[in-house]
Amino acid sequence: MLSSFSLGAEAARRHYRSHHHHLPTLPAAPPRALPYPQLPLPFEISGAQYLPLAWADVKGWSEDNHLAAYKTFRASCRSINAQTGASEPKAESKAESKALGASLSKPCRAARSLELTDDAKAKTFFEENFSPLRISRLGEPDGFVTGYYEPVLEGSRTQTDVYNVPVYRRPSNLFVRGYKQDSVSLPNKGPVYRKIGRRKLVPYYDRGEIEDGKIAGRGLEIAWLKDPTDLLFAQIQGSARIKFDDGGTVRLNYDAYNGYPYTAVGRILIERGIIPKEEMSMQKIREWMTQNPEGAKELRRQNRAYIFFREVNLSDKEEAVGAQGIPLTAGRSIAVDKSLHVYGTPFFIEGELPIDSERAKTSFHRLMIAQDTGSAIIGPARADLYFGAGPDAGRVSGRLRHPMHFVMLVPKSLDPSIRGARLPVPDPRPSEKIAKLFPQTDPAKDPKNAAASAKAAESGKAGAPSPAMPQAKDATVAVASPVPLPEPRPNIKPDREQRKRVNRRSHPQQ
């Protein structure tokens with residue numbers, strides 16, 4: 001029986017080879033869209049968690065002065081509308097890399113023609129154009145706020161025995177990769193170099209070296225102050241007003257820094273046990289530095305970061321200019337992490353702050369507009385509240401270090417609830433047996449499918465979603481490989497002895 005079976009199989013193979021030289025080409029199985037592996041979220045901020053809210057759930061929303069917030073937002077819109085019409089791809093690409101992207105341009109276009117004078121209409125404007133989103137750092141319930149202000153200092157245009165602390169403008173040998181040395185705006189993070197000759201770059205001088213006179217005598221002095229602590233606090237705030245004996249005033253704004261990370265001197269005093277954490281404030285730091293001149297010098301140098309200023313043409317009635325390029329609004333402007341957020345974004349901040357006194361718990365629920373930034377402002381729910389200029393603003397801002405609730409106002413076009421509803425529903429979960437038999441893999445990571453995917457992409461067929469599976473407009477879709485067919489039966493040739501026996505049995509009478 002075995003010999004007869006082998007003979008029949010061999011005859012069938014010869015017949016097949018004579019009539020079919022090649023295996024028939026089967027059409028490729030259509031790719032099946034898988035909506036569940038690593039789909040991009042409709043709205044995502046790195047390191048953040050968020051929760052969509054109803055306006056009724058935003059505590060203190062109805063009690064705020066929405067008209068004041070609207071005027072501040074409209075001031076930001078002038079810059080946003082100007083950038084939208086500008087043909088500068090570099091600025092647009094930076095905005096697009098953030099969660100909000102250029103989405104603020106739509107509510108800003110609506111605000112362009114609305115000269116609102118009524119608080120109720122301003123409230124309606126925000127509710128019709130934005131959606132509230134509670135936001136915080138991942139794993140934390142609240143955000144965190146500090147305060148800042150514009151110091152008003154006494155100074156001199158020339159060096160004297162009293163005024164001998166220089167305020168420097170940006171040096172010409174300061175270099176940042178990717179920027180021209182005379183660029184109007186330089187980053188406040190990342191490495192900064194000192195250019196030696198034409199090619200050699202070394203890290204720039206730190207605070208101690210600059211205080212010791214490394215850049216003295218080069219004509220970089222804008223003005224002179226009487227106390228190095230005054231300069232330190234002006235650098236921490238990023239702006240200052242210097243009043244001279246002749247009645248004149250010079251307004252200073254941040255221009256560049258020396259490339260070293262900011263180190264909070266208050267934190268060092270807490271770690272050394274000099275000032276208790278619950279008593280820490282700018283006033284406490286200043287008092288300690290005044291009483292300990294030598295200790296103050298050593299403490300300042302722990303913060304190796306150094307700020308260079310530029311003069312700005314502002315009157316005494318105008319507020320300091322923020323990083324967005326527009327004057328700030330006291331009590332409505334905030335500084336945020338510019339690597340995560342877009343200038344002009346409204347944030348409703350709610351909680352209790354020591355506004356009236358150090359021990360007071362003043363209710364604070366206010367819509368603020370992101371118009372500035374700072375090197376110490378890091379995170380999705382981290383803000384520096386601007387309180388204006390002068391000693392009173394300094395006292396209030398100096399005692400703020402408090403957790404607060406953050407509600408980010410997101411333009412309707414990016415509402416996570418609406419966009420999330422458009423995401424495709426995943427396929428039904430397969431049974432455990434089927435999942436083991438046919439495990440799904442990402443074809444982009446499968447080397448066996450790399451060549452086939454490239455060939456299909458050239459013909460315009462790769463990644464085509466199934467018509468039965470609706471996809472989000474900007475969703476990234478993974479395509480599953482077709483289930484492989486069983487391998488063909490192996491072609492085993494009979495041995496010679498077996499062939500001879502078969503041939504003898506085929507002709508027994510010869």
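The model is predicted: local features need pLDDT of at least 70, side-chain atom pairs count only at pLDDT 80 or more, and totals for chains, interfaces and linings use all residues. Residues are numbered from 1 along each chain as its sequence is written, and side-chain values use heavy atoms, with hydrogens and water left out.

**Overall fold**

- The protein has 15 helices and 19 strands. Helices (H or I, at least four residues) and strands (E, at least two) are DSSP runs, numbered from the N terminus.
- Of the 510 residues in the protein, 43% are buried. Buried means under 20% relative accessible area, exposed means over 50%, and partly exposed lies in between (1.4 Å probe, protein chains only).
- Take the contacts in the protein with a separation of 6 or more: residues 24 or more positions apart account for 79% of them. Contact means heavy atoms within 4.5 Å.

**The disulfide**

- A search of the whole structure finds one disulfide. The term covers a pair of cysteine sulfur atoms within 2.5 Å.
- C77 and C108 form the bond, with their sulfur atoms 2.1 Å apart.
- The pair links distant parts of the chain, 31 residues apart: C77 sits in helix α2 (residues 66-85) and C108 in helix α4 (residues 105-112).
- The torsion about the S-S bond of C77 and C108 is about -75°, so the disulfide is left-handed.
- C77 is buried, at a relative accessible area of 2%. C108 is buried too, at 0%.

**Nonpolar cores**

- The largest nonpolar core holds 66 residues. Such a core is a set of buried Ala, Val, Leu, Ile, Met, Phe, Trp, Tyr and Cys residues joined through side-chain atoms within 4.5 Å.
- In this core, F73, F126, I334, I349, L385 and F406 touch the most other members.
- Apart from it lies another core, of 29 residues, among them L220, L225, A256 and Y306.
- Beyond residues up to four places away in sequence, I349 touches a set of residues including V145, I334, F364, M368, L385 and F406.

**Helix packing around α9**

- Helix α7 (residues 228-237) and helix α9 (residues 282-291) have axes that come within 11 Å and cross at roughly 155°. That makes α7 roughly antiparallel to α9.
- Axes are lines fitted to C-alpha atoms, for helices over the stretch in contact, and angles run from 0 to 180 degrees between N-to-C directions. Angles under 35 degrees count as roughly parallel, over 145 as roughly antiparallel, 65 to 115 as roughly perpendicular and the rest as oblique.
- On the α7 side, T229, D230, L232, F233 and Q237 meet M282, I285, R286 and M289 of α9.
- The axes of α9 and helix α10 (residues 293-302) are 5 Å apart, at an angle of about 125°. That makes α9 oblique to α10.
- Here W288, M289, T290 and Q291 of α9 meet P293, G295, A296, L299 and R300 of α10.

**Two buried residues**

- D230 lies in helix α7. D230 is buried, with a relative accessible area of 12%.
- D230 and L153 are 77 residues apart along the chain, yet their C-alpha atoms are separated by 7.3 Å. Not counting residues up to four places away in sequence, D230 touches L153, L225 and R286.
- Y168 is in strand β6 (residues 165-168). At 4% relative accessibility, Y168 counts as buried.
- Outside four places in sequence, the contacts of Y168 include I210, I215, L220, Y306 and F308. Y168 and A223 are 55 residues apart in sequence and 7.7 Å apart in space, C-alpha to C-alpha.

**Two partly exposed loop residues**

- L114 is in the loop between α4 and α5 (119-129). L114 is partly exposed, with a relative accessible area of 31%.
- Leaving aside neighbours within four places in sequence, L114 is in contact with Y70, R74 and F125. From L114 to R74, the C-alpha distance is 9.3 Å and the sequence gap is 40 residues.
- D316 is in the loop between β13 (307-312) and β14 (333-335). D316 counts as partly exposed, at 40% relative accessibility.
- With neighbours within four places in sequence set aside, D316 is in contact with R241, T249 and R251. D316 and R251 are 65 residues apart in sequence and 8.3 Å apart in space, C-alpha to C-alpha.
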